[in-house]
Amino acid sequence: MDTRCFWAVTMFLNVGVACMLGLLLYLRFYEMPTRITIENQFEPIQNLPYPAITICSPNHITNSALDRFKKSLVSGNVTTDIKRLVPHILGSVTILNKLKLSELKQLQNIIESNRYKALDVLSLLPQRCDQFLKRCFFEQKVYPCKELFYPIITKSGMCCVFNSIYKLKKGNNGVYRNERQTNFSKHKVTKVGLSHGLNVVMDYDPCNAMDSSIVYAGATKVMLTDWREFPANEEASFIKSGTEAFHVLSNTFTYCSDEVQQLPLSSRKCYFKDELTLPYFKDYHNSDCELSCLIKEVENQCQCTPLYVPYVSTHAACNFTSLDCIMAVQLANMNRLNENGRCNCLRDCISHSYTSKVIIGNLKSVEHLMDNRYSGIVFNGSTTIMHFYFPAPFYVKQKQETVISLISLMSNLGGVFGLCLGCSFISLIEIWFYIYVALKKYVKGHLKKRRHQRE
């Protein structure tokens, strides 16, 4: 009797330990099926696409553009002090104090009576790229800046973008809007180093700016994204005017192994670009998904679509009377940035992530350069030089791989039960065989007993 109790307790404990270890293995397989590891820190950078570099002038209402706009007003109450109303459009660029709805309606009435759209005003009044960008160098060659940079309307207003599939275009109806470029040819890295990157001289010209219309205290906003993504604020920096900024670029490429590609979405926790279609942006990208979430909130609460949205319809586009509502939505969105899962915007399964380390200098040494390629440019307090370049001929390549595959899970479970119970596949067959024999014997005995009872 003591021997039976001993073996019963022993078997009970061994089964419990085996089940506990098996449960822990399964939970690890279920909760963390994949991991991202560095596959190569020295992947050759040759032919790596440059990031989309978006540069935004702080001058969003120029006096010269405002004068041309006033001269084009031929209908409506043109005697209205348009100069007093126009600064309200800055509410589409930055957060302003409480706007007056009556003045917004007055401004919108003037625009509509002259057959303008809000998109037209937002693209006509800011400093143009050909005025903002003074000289551009790319891979040791001088280019007209208009060949490298295109205008684009972003959440930060009118900007100039390099190497992006998106640009501001004038449609067949004469209205400007953001669209994707057809047959777009992206710029790729051929050589590394300061002299082989992108160098830009810019001046936001405060003398040609309307009073109180300079945003970000005169700093230039710079955003880095993948060339297929719409400009976003995730990798944004502000460069003070009167400086020389060196943007030291780096890239991390992440992809999935074949095993991860076969996993369900709940396990790999990322989207492939063709796995989820985003409204307005088509292919999936994490930053576009976050922006789509904000756009959806604006559409739900303000019943219109933000002006920077690609292919926005003129009938659905927001006008200036909606600025107060849009600003309220953006403020609420900023307060909820740390809410996880609010938009369910998972990361990209395959992505190029660009980062920049910025080194700031001054412009006093430019005039002392032996080979001065900036001759003819007047440098003042509003001038800025920016350099974008990759310092090393390699980048980091990461792979998302499975931590425990299904085969490994079964092997580990077999090892656990073999360790605790001496169990193997043959043992399982034997157990099922003995259970079958016992059940068969029991059934036969039960039937035999019933026959005896009938007799």
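A residue is called buried when its relative accessible area is under 20%, and in this predicted model C289 is buried because its relative accessible area is 8%. The partner of C289 is C345, the two forming a disulfide with their sulfur atoms 2.1 Å apart. Because C289 lies in helix α10 (residues 286-302) and C345 in the loop between α11 (323-335) and β14, this pair ties together parts that are 56 residues apart in sequence. The torsion about the S-S bond of C289 and C345 is about -80 degrees, so the disulfide is left-handed, and C345, at 15% relative accessibility, likewise counts as buried.

A search of the whole structure finds seven disulfides, and another of them joins C302 to C325, with an S to S distance of 1.9 Å. Since C302 lies in helix α10 and C325 in helix α11, the pair ties together parts that are 23 residues apart in sequence. The link of C302 and C325 is left-handed, with -90 degrees about the S-S bond; C302 counts as buried at 10% relative accessibility, whereas C325 is partly exposed at 25%.

A disulfide also joins C270 to C349, with 2.0 Å from S to S. C270 lies in strand β13 (residues 270-271) and C349 in the loop between β14 (347-348) and β15, so parts that are 79 residues apart in sequence are tied together. The torsion about this S-S bond is about 95 degrees, and the disulfide of C270 and C349 is therefore right-handed, while both C270 and C349 are buried.

Conventions
Residues numbered from 1 in each chain as written. Predicted model: local features only at pLDDT ≥ 70, side-chain atom pairs only at ≥ 80, totals over all residues. Heavy atoms only, no water. Disulfide = S-S within 2.5 Å. Helix = DSSP H or I, 4+ residues; strand = E, 2+ residues; numbered from the N terminus. Buried < 20%, exposed > 50% of the residue type's maximum accessible area, 1.4 Å probe, protein only.
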